[in-house]
Amino acid sequence: MSSTSPELAWGLIIGSVVFFAMALAIIGAIIVYNSKIRESERKFRLLFDRVSDALLVMDKEGKINDVNESACNLLGYDKDELLSLSFFDLNPHKNGSNLHSVFKETLTRDTYYVNEATFISNPGKKISVEGGMVRLKIDKELIVLGSFRDITERIETEKALRRSEDRYSMATAATKVGVWDWNPVSGEIFIDPSIKAILGYSDTEIPNDFDIWSKLIVEEDREILLKNIEDHLKGKTIEFEYEYRMMHKDGSLRWILIKGTSIRDLQGRTSRMVGTMSDITERKEAENALKDSETEYRNLFENLQDMFYRADMHGNLLLVSPSVSKITGYSMDELLGKNLVRDFYVEPSHRDELLEKIRKDGHVYGFETALRKKDGSHFWVSVNSHIYKDKEGNVVGVEGIARDITEQKEAEKEISKFKTISDNANYGTSITDLNGNLLYVNRFFAQMHGYEPDDLINKNISTLYSEEQLPIIWRMLERMKSEGSFDVEEVWHIHRNGKKFPTLTNGVVLNDNGAPALLVITTIDITERKKAEEAIRESEERYRTLVENAQQPIFIVDRQGGFRMINKAAATYAGDSAETLVGKTMWDLFPDEIAEKQMNAIRTVIDTRRGIRTEDTTQLRGETKWFNTSIQPIISDNGSVSAQLIATDITEQKTADIHNNARIQLLEDLRSAKSIDECLTIGCKALSDARLFQRSVMTIHTAERKIIHLGHFGLPEDIVEAARNAPAPDPDLSQKMTQERFRISNSYFVPEEAGLPLTQTARYIAPETEGNSEKAQWQPGDELFIPLRSPTGKIEGWLSVDTPYSGNRPTRDIVLYIEEIMNIVAGKIREIRSVQNLEREREELEKKNIALNEILTNIDAQKTEIKRQVADNINEMLMPFLRRIANPDGSVNQQALTVLRGGLEDLAQTSTDFVHRFSKLTPREIEICNCIRRGFSSKEIAEELTISPATVHKYRELIRKKLGLTRKGVNLRTFLKNLK
């Protein structure tokens, strides 16, 4: 669907103005001619009144002196009313209006065109007009002729068209839908650009070719789709609809819904298929997600280990989970409808007690009771229940979760067995309350610390650890209470004699009614094992060698941010040696903000002793790098903790993602672009979105290098406007700038050290940043130019960029990416130009059609006029001689017969020129002309027409004058005989 761009609208207006100017010039010429040839006044008046445009003739003060009928119809006044008004009475704002200034301008120049203005008609309605004014002099009197046309309806139509087009664009963008049109006989196909955009392509990236388009369809879906199309073409289906998958430009799959119908000929063959395609990926994903959610819920319910139940207020089961069947031995059908009190409770009073608590509090938690299985055996459950209500809020029953705690109950029976075993175990076991007070220790635990069991009971566990170990112990205990346990960790204890020894310690929480109650800690003395670990230290050097030579940057950092170890790869990134960096801090290597952010992650790892992984940017030597970093805790022998960082450089991957996102956003923005300047600005913005350059200017120029289109990003408007209006660079300088030594791909990079005087050109825009001494980095005098090419390869514009985000000079990869952006922008520009060209061709064709119709109308009018003149000539030239062809005596009048025969011959051969000349003569003069052409003398003519010879002589002189032969020495008979 084509759209009316601002350029096209101005094209329509300018075309109309040119037409009006031509009309004004013709009418002005007619007025001047009227002043010289008074006898044509009637024809001028008729033409003046029949002109379709409103014509106003005014004196230099604006007083209306004359108007045509169109002016009266347009303004709603009769002629006398208009002649009593001034031109300025027709304008709504009088002295402040544009027409007031236009009138004054017309008095100082020959012609002034009005693109759009407003008149106030009778009675007070605003009318939009276009037209112009021309200054004329008639009989030395200065007048102004105004010609205006009502464009109110056209303006409203254009507004409606723009609103319609905006709604269509918004609708297709919002609904992700587009149209297609396919001729299966010729293979021609039209695919809406919005459909291509669904797959991430611009209109020019995929041609309108059925075979190429079908290759994007997933193979297994393609076969079914083609079969459905074939069935539809054969008439097996009335409407065509199918859902299938297509490959997106980024490699992902998109679900497409295609709908269509056929246009068939009289034989039933399909001559055309039209329809729509829409992106239904989100809908399909939502449907799949719903199915997954329903499946997940069903699996959760069916695999629930605890028992879910719902019963009415009388205890009859309404709903149970499958786990109830597994535990009780009843089938699902047997369970539904059974009564809890009668069939399950070992103690029926427990049901009443449960209901009483629920009525009081609305719920109950941890209610323990014994239930009966199908085989009569008992099992213990802990019940969490609450009342449930219907839609009206009425209490209709009880539902809840019952957990089988039979094993827990059995475990209580085993406590005595546990104590016997624990007392005699060869590892330390202790039980404390939540504050760490020892409630039980076995003999092994007490003796490893130099005590007897009774010596430690009721003492706090803190007496067994040093001051530096206590914070670790308290964190372990808190983790036990919050998480239910902690894994085996190495902890140093203190013997009664003050000697420290290492242990492996783990712990679990014992709950009471679901809440932590006791802490059970198991401890193993690993003094002997630690001695064995000393031998392992000998392998540490080998490990260090591997780390030092690893390709990934590796650091070890303490809590204060100091580098305790750094390998060669990390030192290379930092631009220094490992020996120099060890001892420095994160703040010495990174900017403060980045260093503090990394240290927050490092401190978290050190405090929690749990590793994490981060992904973030880092500034190294003025260059932005992306790293994926693994941070792991390292615990030393004395219990101190530091952090090890292993970083992976993912800069290239992140850069590619940013570039791809910028490219996708560019394609999205270009979809709604209406003008070439807007396309150029969007292209410049894409370079900033891709984090390449902060400032850029893109232009299109003529062969004389005059800028006709311009877009920019990151530059002030006044600077850009100055550059736009500046003269083009010297051709010699332009040739130097495009030397082969500056070429990168199809672009040119002119470094500052090349010494070209670029700053001397008026279009040069100075950079805002200072330079860097390193030649690999961007210098203020550097210039990168990327050509904008036409489809034929001709350079029609340039992109100039400045201030790179990286601070570096461009690489070939960067230039290739920018050229790709330029090609995408050029494609959109070609699309806009194509639309504009088509609109201009349509307008020209309309004009030609109008001109042709006018020509045909004139031809028909001329034919009618000729027929009328022929009839008049017969009546005036031949009928008098026909009446005189017979004498009174019955003989033939030979002279009349001769004239009649000659007149008939003349009539048969008469041209338009002959008719035109003789139309000025009276019937009597035509009779005399015919006689003269036949060789009659004046006397014979007098006798034939019964007039005197003197009268014939007067007629001859009058005929010569009307035919323009006076004083030309031309023989009248010879002239008449030669007239064609």
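Guide: Let's start at Lys654, which lies over the face of Trp626 at 4.8 Å from the ring centre; such a charge has NZ of Lys or CZ of Arg within 6 Å of the ring centre and within 35 degrees of the ring normal. This is a predicted model, where local features need pLDDT of at least 70 and side-chain atom pairs pLDDT 80 or more, while totals for chains, interfaces and linings use all residues. Residues are numbered from 1 along each chain as its sequence is written, and side-chain values use heavy atoms, without hydrogens or water.

Now for the helices (DSSP runs of H or I, at least four residues, numbered from the N terminus). The axes of α26 (residues 651-671) and α27 (residues 676-689) come within 9 Å and cross at roughly 160°; axes are lines fitted to C-alpha atoms over the stretch in contact, with angles from 0 to 180 degrees between N-to-C directions. That makes α26 roughly antiparallel to α27 (an angle over 145 degrees). On the α26 side, the contact (heavy atoms within 4.5 Å) includes Ile658, Ala662 and Leu666. Facing them from α27 are residues including Cys679, Ile682 and Ala686.

Next come the aromatic pairs, of which the structure holds 15 (ring centres of Phe, Tyr or Trp, with its six-membered ring, within 6.5 Å; planes under 30 degrees apart are stacked, over 60 edge-to-face, the rest tilted). Phe88 and Phe103 have ring centres 5.4 Å apart and planes at 80°, so they meet edge-to-face. Phe88 sits in the loop between α4 (79-83) and α5 (98-108) and Phe103 in α5, so the pair ties together parts 15 residues apart in sequence. Phe88 is buried at 15% relative accessibility (buried is under 20%, with a 1.4 Å probe and protein chains only), and Phe103 is buried at 2%.

Elsewhere, Phe555 and Phe563 make a tilted pair, 5.5 Å centre to centre with 35° between the planes. Phe555 is buried at 10% relative accessible area, and Phe563 is buried at 3%.

Let's finish at α33 (residues 923-933), where 9 of the 11 residues are buried, so the helix is largely enclosed by the rest of the structure. Among those buried residues are Glu925, Glu927 and Arg933, along with Ile926 and Ile928. Just after α33, Gly935 takes a positive phi of about 90°.

Terms used
Helices (H or I, at least four residues) and strands (E, at least two) are DSSP runs, numbered from the N terminus. Buried means under 20% relative accessible area, exposed over 50%, partly exposed in between (1.4 Å probe, protein chains only). Angles under 35 degrees count as roughly parallel, over 145 as roughly antiparallel, 65 to 115 as roughly perpendicular and the rest as oblique.
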